[in-house]
Amino acid sequence: MKISAQKYDAAANSNDAIPAQTMANDRLAKSLEYEESSARLELYKKRMDDYAAKTNEYGPLGSQLRQLNRALAVAEKEYLDLIQNVDQSRTRRQDVSIGGHWKCWMRPISHYYRYPPNVGNSLQLVLA
């Protein structure tokens, strides 16, 4: 009986006298823990890759947005300048329509004064 007990202990225990069932349970628990940890790490790696892909995808949009904002500001300024020019032209048109057309009621100066023919011609050349 002593020999069968020794054989049973030898089969049931490891070299360090730890029961084989305990070692099997510990090994199973550690392998499950390892598998869970590796699955979590793969999931985190996949999320990090997705995040990196999104930042690379949307990164250039920031500079495009700044360029579009600049273009929008320039277009707004040009539009406001055009509106101001239209308002100024409407104001000028109203000023002309209120004041009427400009007409010259005076005769040319040479008709008021009677110069001798040679003096009048030289005066016209000087005035012209």
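These legends describe views of a predicted model of one protein chain.

View 1. Starting at the N terminus, the order of elements is α-α-α-α. Helices (H or I, at least four residues) and strands (E, at least two) are DSSP runs, numbered from the N terminus. Of the 128 residues in the chain, 1% are buried; buried means under 20% relative accessible area, exposed over 50%, and partly exposed in between (1.4 Å probe, protein chains only). The accessible surface is about 12600 Å², and carbon and sulfur atoms account for 59% of that area. Areas come from the Shrake-Rupley method with a 1.4 Å probe, and for residues only the protein chains shown count as cover.

View 2. Among the elements, H2 has the highest mean pLDDT (88) and helix H4 (residues 117–127) the lowest (49). The pLDDT is below 50 over residues 123–128, a stretch that has two contacts in the model beyond near neighbours in sequence. A contact means heavy atoms within 4.5 Å.

**View 3. A nonpolar surface patch made by Tyr79, Leu80 and Ile83.** The patch covers about 320 Å². Patch residues have over 30% relative accessible area and no salt bridge; like charges are joined within 9 Å, and nonpolar side chains (Val, Leu, Ile, Met, Phe, Trp, Tyr) within 5 Å. Leu80 belongs to helix H2 (residues 20–99). Leu80 counts as exposed because its relative accessibility is 55%.

**View 4. The salt bridge between Glu36 and Arg40.** One salt bridge is found in a search of the whole structure. The term requires a side-chain nitrogen of Lys or Arg within 4 Å of a carboxyl oxygen of Asp or Glu. In this pair the closest N and O atoms are 3.9 Å apart. Both Glu36 and Arg40 lie in helix H2, four residues apart, about one turn of the helix. Glu36 is partly exposed at 47% relative accessible area, and Arg40 is partly exposed at 43% relative accessibility.

**Notes.** Residues are numbered from 1 along each chain as its sequence is written, and side-chain values use heavy atoms, leaving out hydrogens and water. Local features need pLDDT of at least 70 and side-chain atom pairs count only at pLDDT 80 or more, while totals for chains, interfaces and linings use all residues.

Conventions:
pLDDT = per-residue confidence, 0-100.
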